[in-house]
Structure formats: C-alpha cells, structure tokens
Amino acid sequence: MSISEQPREPAGGEPRDVSATPPPPVPPRTRAADGPADDPSEMPPLSPVGRLAATVDRLSREVRAAQAEAEGRALIELAKGILVERLGCGPAQAARQLAELAEQAQLTPLELAVDVINQAARDRMSEVTDAFLAATGTGDDTADDDAGDGGAESAAVRLRAAESGALAADDTQAVADALLEQALRPLGAAAVAIWAAGSDGSLTLAGSAGFSPAEATRWRYVPPDVATVARRGLTERAGQWITSLAETGLPSVGRHQFPEGGRVAVPAGTGGRLHGVLEIAWPVPLAPQPPQVVRQVEALAELCAHTLETYAPPHGAGPQPRILPDAVELMDLADGLHDPALVLVPHLDGAGHLVDFRIQHVNRRFLDPAGRPRAVVGGALLLEAYPMAAGDSELFQRVERVYATGEPFRAQHMSLTALVDQVPLSAVADISISRHGNAVLLIWRIEDEAARLASLLQHAQRLGRIGGFEENVLTGEITWNGQLFDLYGRPPTSIPVPLEELPGHAHPDDAVPIGRFLRTLLHHRRPASAAFRLQRPDGVTRHIRIVAEPVLDTDGRLLVVRGAYQDISAQHWTEVALAATRDQLAHTEQQASERARLTLQLQHAIMPPAQAPLRVPDLQVAVRYRPAETEQLVGGDWYDAVMLPNRLVLLCVGDVAGHGIEAATSMVVLRNALRGLAVTGAGPGQLLSWLNIVAHHLTGAVTATAVCGLYDPARRTLRWARAGHLPPVLVRGPQANPLPLVRGMLLGAVAEAAYEEAEVQLAAEDTLLMYTDGLIERRDRSVEESLAQLLSTVRPAPSTLDQHLDRLLTYSRSDTDDDTCIVGIRVG
Amino acid sequence: MPIAQNPLSVEVTLPREDVALLTVEGYLDVDTATEFQHHLANQLHHGRRHFLLDMSAVPFMDSSGMNIILRVYQEARDLPGSVHIISPAPAVRRILDLTGVSITVPVSQSVEEALALVDAQQATDGAEPDA
C-alpha cells in the first residue's frame, strides 16, 4: 500500500503517472503557449467548466492510481517470488531484501521489482522449458545449485509466481493478455483464447487476447457437441496441433482473422481434472514444433488451468453481457472506417440517469488529440478522457443530444480541447456523431492531414514564389513561412506583419483594393484576393497578389485567417501587354460561343432530346437523340417517326455531313422535306430519290445519308430504302442482324439517283433499330467490326424498348464525339 | 488533334497527260482529308481530267475522305472527266458500298483496268461516265 508506483505498461505505451506524492515531471511543452500554468495543481484561471474538468481529471487519476497500486502489489509479489527462487530464501526475507535493494539503488520498491521481473523475463521461456524437461525426466538438470532443490522446484516457483500474478488480476481476461504478450508473441502467435469447459461439455470463452472484441463476443459460448478446434483439443491429451486452420475446415474463434494460420489447442488441466482448453492462433501456417515449444505450451496450459479452476462461468441471467450487440456491430463498423472513430455506450448512475459515456472501443485509426496511447482512452469514460468535452466545444452535449434524439450531428472545424497534464491542447476537427441502437459512433478527423501536406506545399510554394501565412485572430499569433519573409525582404527572425498593417507596407495608391480585401476577409468572413505593390524596406517594389480565406468555427466565428502572397512582378508586365490582345480575343470568343449556343438551341427546338411517344396499336416506338459533348460539334443528325395519313408509320434517321450551323440548317430542310414528301404516299425509294434532289440543290452542296422506312401496322411489314446509310438492324430473339445492304447512293452527291427498296416481314417481339454512325464510329476498326460489337450489345434484348435504346447509348463504344440518333420499334 | 503517327502520303504520277494517278497511303480521315484535297485541287488546276485513286494502302477512310472523293467526282464530271478508285482495302470498299459511292465512282482492281475504262470513255467522247 505504501509503495510508490510506477507500473509497467504491458503494451509499451507511455507511462501513466499515477502517483500523487512526487510531482510528476513537467512534460516538455510542445507549444509555446503564452501563459502556461507551471503548477499542475492550479488550473489557469479558466471557466467553471475548466475547474470542473480539473476535478474530474484529478479524480480519474486517483482511480487509476488505486488500480495501479493493485497491479503494483502483484508485481512486488512477483519480484518477491523471483528473489525467493534466486536467493533460496523465504518470502519475508525476500520482501526485506527487495526493500533494502531498492533503498540502495535509490529506486522505489516497485521500480526495482519491475527490474527484477524484467531480468527474469529475459530467460523465462528457456527456463520454463528446461525446468519441464527436467521435471519430466527427459532433459538434464540444468538449474543452478543456488536454487537449492534443482529444476523441479525452480519450475514450481516460477509457475506459482506467474500464477499469483495472473490471479492478482481480476479475471481470466488479464491472464490471456499476459500470456499473449509475454509468452506467446515470442513464439510468433497472434492471438490466444482460454476456454472454460462446462460439465455439460460446453465451452465458455473465459478470456482472449488478439481477437477483435466483436469476434470474442460472438464466441463467448460454444454449446456441447459442436466440433470446434477447442472441442477437439479438449478430447485429446496431446492436444491439437494444426498447421493451417483452413485445411481442417473446423470452425473456431478468429477464423476470418487468421484463415490460413496455424492453431494449437491443448487441454488445460490440474491434478487429473480438465478445466478447459488453451487455444493459440498463429497468423501464418505453423510448422511442426520442437519438443521444447510443445512443453512450453503444455506448461502454459497448466497455468491456465490454475486460473480456470477458480473461474465461475457466468450464470444465465446473472452478469450482463460484457458488450451489447449494437455496440459489437458498431465496433466492426468503426474498425472499417478510415477516420478515427470511437464507439460510446451510455454510462448510467445508480439511479439510472445518464451521467457519461463509456468509450467502448476506439478503432485503429484513432489518434488521441492529446497524443495518449489508444489503450488509455479505450474503456475510459468520455468526460474522464476528455474533460473539456463539457466545455465550449459542447462535444459532450452534442453526444448526449444525439443519443437522446437519434438525430445525427455533423460539423466541420469544431475545436476539440483535451487536457494533458493540465495543459489544454486544442485541435480543430471535423466531427460526425450518430446513434446506432444503444451506442453512439463518434468520428473525428483531426486536421493533421494539413500538416502532412504542408511540407509538400512548401516546395511548391518556393517554386511559385508563394509565401504562406496563418493568423490566429483570437491570439494574434502569426505564422509565416520562410518564403514570405523573403518576399517582404525581411530576415526570418523578424516579427511577421499582421494583415491589418498591410496598407502601411503597400504603395499608397493601392490602399483602396487592400481595404476592400481586408473588409471582405475579416468583416464579411469570405475568401478574398487583391493585387497591390509591396514596398520593401530595401526600396524594392514588388507586385504581389494576396489570397486569403477565413476559417470559422461551428458558430460562424472567425478563428484563423490563412492565405498566401504570390510575387507576380514578372507576370505583371506580361499581363499588361496581354490585356489589350485579350479584349480583342474575348470579342471573337464570345461570337463563336454564341454561334454554338444558337445552333444547339436550333437543334433542340426542332428535335427535342425526348419526344412525346407515338401511339400506334401493337407497336412501341422510341427515339433517342444524344448531342455531341462539345457544343461546337453540334451535328446534322436527325430522326423522325410519324404517323402518315395513309396509316403507315414513317421511320427515318439521317445524318448531314459536317458540323455546325450549316449542317443543322440542312438537317432541318431535309427532315421537313421528307415529312412533306411522305404525305404523297410514295414508297421509300421514291422518297429518297426526291430527297436527293432536295439535297443536291441545297446551297453549299451538302451530302447526307439517310435510311427511310414505311411500316404497315396491319401487315407488320417494313418497306425501306437507304441512301448511303447503315441498314437497320433486326433483333429477333437471340439474333441481331443488319438488314441487307440494298443499293443507294448518299444524298446530294449526284443530281439524280435511284434507290433500291426492300421489305421485311416482322413478327411479334421483333425489334428494329435505325441509327446514325455516331453510335458505332471508331477510328481503329472497320464498320464491320463496330457493327458486330453493337450487335453483341443489343443481343440480350432488355424487357422494354426504352431500356434497349438506353443501353445502346450507354454501351456504345464509339470514340468520336459525334451526335447520335436512334429510332427503335418493337412489334407488340 | 492530328494523329501524328499516321501521316498521309500521296504520290502523284502521270500515266497520260490528262490522267493523274494518286497513290494514297495512310488513314484518310478528318485529319488528313484536307491534305488529300489539296493534291487533287492541284492536279485539277494543272488540267488533269481523269483521276485514278490507288487506295490499296488506305486501311481506313471516314466520311471526310469520302466527301473529298465525291467532290472531285463532281468537278471531274463537269469537265467532262472521271474518277476511278483502284483496289480499295476491304474496310474502305465496305464504306464505298455502304454510302453508295461505288454506284457512281467505278472501282477497278488495277491501274490498267482503270486506264482501259478511261480510254473507253474517251472513245465515246464526252458521254456521261455513268448511266
């Protein structure tokens, strides 16, 4: 009790200072805080919340101190055991010896105990092995004579010491942790499970380490007669030595975590009674082990048996499950996130009121803003770990509210404060809080990323002659990078110039733009930029552009202003020279873009991308028009699907050569001409013949291609002709084939042309497609190949015609940015 | 924009005084069509009336290339003269058939065959080259 403690950290984290007696060493200040409180017992004059936080912090220290004391006692006992063995003395003598040695070494007894244990631990495994080999008569007696009674007793002492240490911990869980860290990791193992065997043949997971908490919870109980690795291990005296778990096909805890790894399950028994099984998992396949290792594992199993002997399996209704199912799922989720995440569960007081949240789990990405190791934060209460959460940031209130209402909360640039040895450290973070079942998921992204990018940025800044700055509006703290001092012509040791004093360093004529810049930035709190002439102390004038943005907290208050100065002196004169030219260019550009817009509007007006459906009995008609991606490439594609007075349906797609307003105009002429001509009731060959004359006599001698068909709904026939255009494609069942290439010259090339006609008889469910070559055109293949590809796309015909056309457009492998038309009919 | 690895090469020889044989090599597409057109315009300017286009080394032709052929066809027809396409690759032949250009512009398998057609046309003297 009277021991001053400095417990060993099993995970090798930073030591927790737990003592109240010696003032803890003042931690190195990582920040040049303006007024740090050197006396840790006195808070800087903070708000009442700060005072409260300090109290909570002190209380939590006391709790930890008590825990550590218990651990420390166990360690002293352990060291005593070691001394008993080494010196061959009694326990009381060992205790005296420990105290004396500590005094001589000017160490606390605990520190000395740790030293003693460390020393012993260095050769622990070999000792265990040797001892057991000796005890079982297969090896030599290698123990020192100092030990008095030889190897057998040495082994017994060691086991007892380990056992006492293990029993000092409050549950088998601690034994599992200790086993894994101290004995099994050196053997390459990654996880351990200690199973308690029930009298009914069931197995209960009494403790585990190295498995995910969720996995351990899933495996907390294995009913009788379920063949698992552990179950097999229980029935065979020699245990199970498995090279690779995957090969056995046996289920076991952590199977997905270490699928190919080796497994060992050995029975844990004392005095002829089996109490359970020790199961060890390796991350990689396990080769056959030498007898020494086998003996070690058996010795460890026996150690487990001692702890299991006293293990009381939880009764059905008695103990509450250690982890709620909601939290388990959430922990798995948290582990999959790339941002630091905490799983919080409510912590109620005796009266059932919510007083705090327990940090049930922190994920791998978790980084404590105060830099504490994960293990310290995990398991703690939220207000204990982050007393300042109750402060201005209202983090705790947010969590409480999310828990109460289920309404998620997200915020950017929230300021988080953590208290590290009474020094409040703040970090800015993006926060997300959401409720899942009975648990709360808290995610934060500390803006440390920025720091990591900073060095990269610095290189870029040097190259671009960019000087970066950051100004804390609250503290007045200003940070400049080296480049900015250079731009100002000041030594890097000088004091940075605050933004507000900028006018004093600029040419008087530039006062107005600088004033506007500062007003936008600081008053309106919006990003701003300005160009001005910087007058340096050495008489040099530089043309500078400054850009800056405000960083606000969640309440919209200005926290920080950051930005950059860029030296544009060289650029400046070039720009002046360019300005005149640019004016001229802008005018031309404007004309061009207006022209393109006009063309597009024209096209849309004539041929809306989506058209009202045409109603024909027993026939679905669908059309698609996809304009070219670049406005300038507005093309001359057209489609038409219209019911004629003679009850035939005119179907047509066409393509005027070229792009732009001329092509679009010709398209309008041809499309309307065909509509008009079709009313005469002439056949498709004749229609195209006439249309050729129209095209030929259009000014500008356009050429165009088209395919034109007349569908007779009564007979289900399509009579069609083509003018230099790709023939329609008929999709019938699983087949998709182009119709034959009937003769037909493209439109407009010759004064008179004749067009061959063909007729195709359609059947129910047939689909017929007409399209322009924007759908298939590729530079690297022939029309044949492109067509074959297209046909393979349309082959598994989707259920509706609209889907069919959409799919064609989606999967078109065309590589030219051309406009595209499709007309499709399906006989229904 | 232009595909530099496939520049168009056009070689011009004169089997007759008024007959230009243009041997084209490379992709005949939107990037190269203008160059091809310059060659043809040049020959028109020099008084050639018959144009034999050896397309055996043209693996690909798009609508721009085809429009050039149609344009020279229209100009030659008014002279009167003619345009002949000689041994096009299958992909080009397909385009010619697809667009119906081969209905109007005769396709020959060799320079000799094309020259024979030119001679036959000149024999009928000024008759329309195509029915």
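Modeller: Let's start with chain B: from the N terminus on, its elements run β-β-α-β-α-β-α-α-β-α. Keep in mind that this is a predicted model.

Colleague: How many helices and strands does that come to in chain B?

Modeller: Chain B has 5 helices and 5 strands. For chain A the tally is 22 helices and 26 strands.

Colleague: What should I look for in the nonpolar cores?

Modeller: The general idea: in soluble globular proteins, nonpolar side chains tend to be buried together. Here, the largest nonpolar core has 96 residues, and Val653(A), Ala706(A), Leu53(B) and Ile69(B) have the most contacts inside it.

Colleague: Which element gives the most to this core?

Modeller: That's helix α2 of chain B, residues 63–77, with 7 residues. As for Ile69(B), leaving out residues up to four places away in sequence, its partners are Leu53(B), Val83(B), Val101(B) and Val105(B). Apart from this core lies another, of 49 residues, including Val175(A) and Ile280(A).

Colleague: What about the contact between the chains: how many residues does each one give?

Modeller: Chain A puts in 17 residues and chain B 14. On the chain A side, 9 are nonpolar, 5 polar and 3 charged.

Colleague: And what share of the contacts with a separation of 6 or more is between residues 24 or more positions apart?

Modeller: In chain A such pairs account for 60%; in chain B, for 70%.

Notes. Residues numbered from 1 in each chain as written. Chains lettered and ligands numbered in written order. Predicted model: local features only at pLDDT ≥ 70, side-chain atom pairs only at ≥ 80, totals over all residues. Core = buried A, V, L, I, M, F, W, Y, C linked by C-beta atoms within 7 Å. Buried ≥ 20, exposed ≤ 12 C-beta atoms within 10 Å, placed from the backbone. Helix = DSSP H or I, 4+ residues; strand = E, 2+ residues; numbered from the N terminus. Contact = placed C-beta atoms within 7 Å. Nonpolar A, V, L, I, M, F, W, Y, C, P; charged D, E, K, R; others polar.
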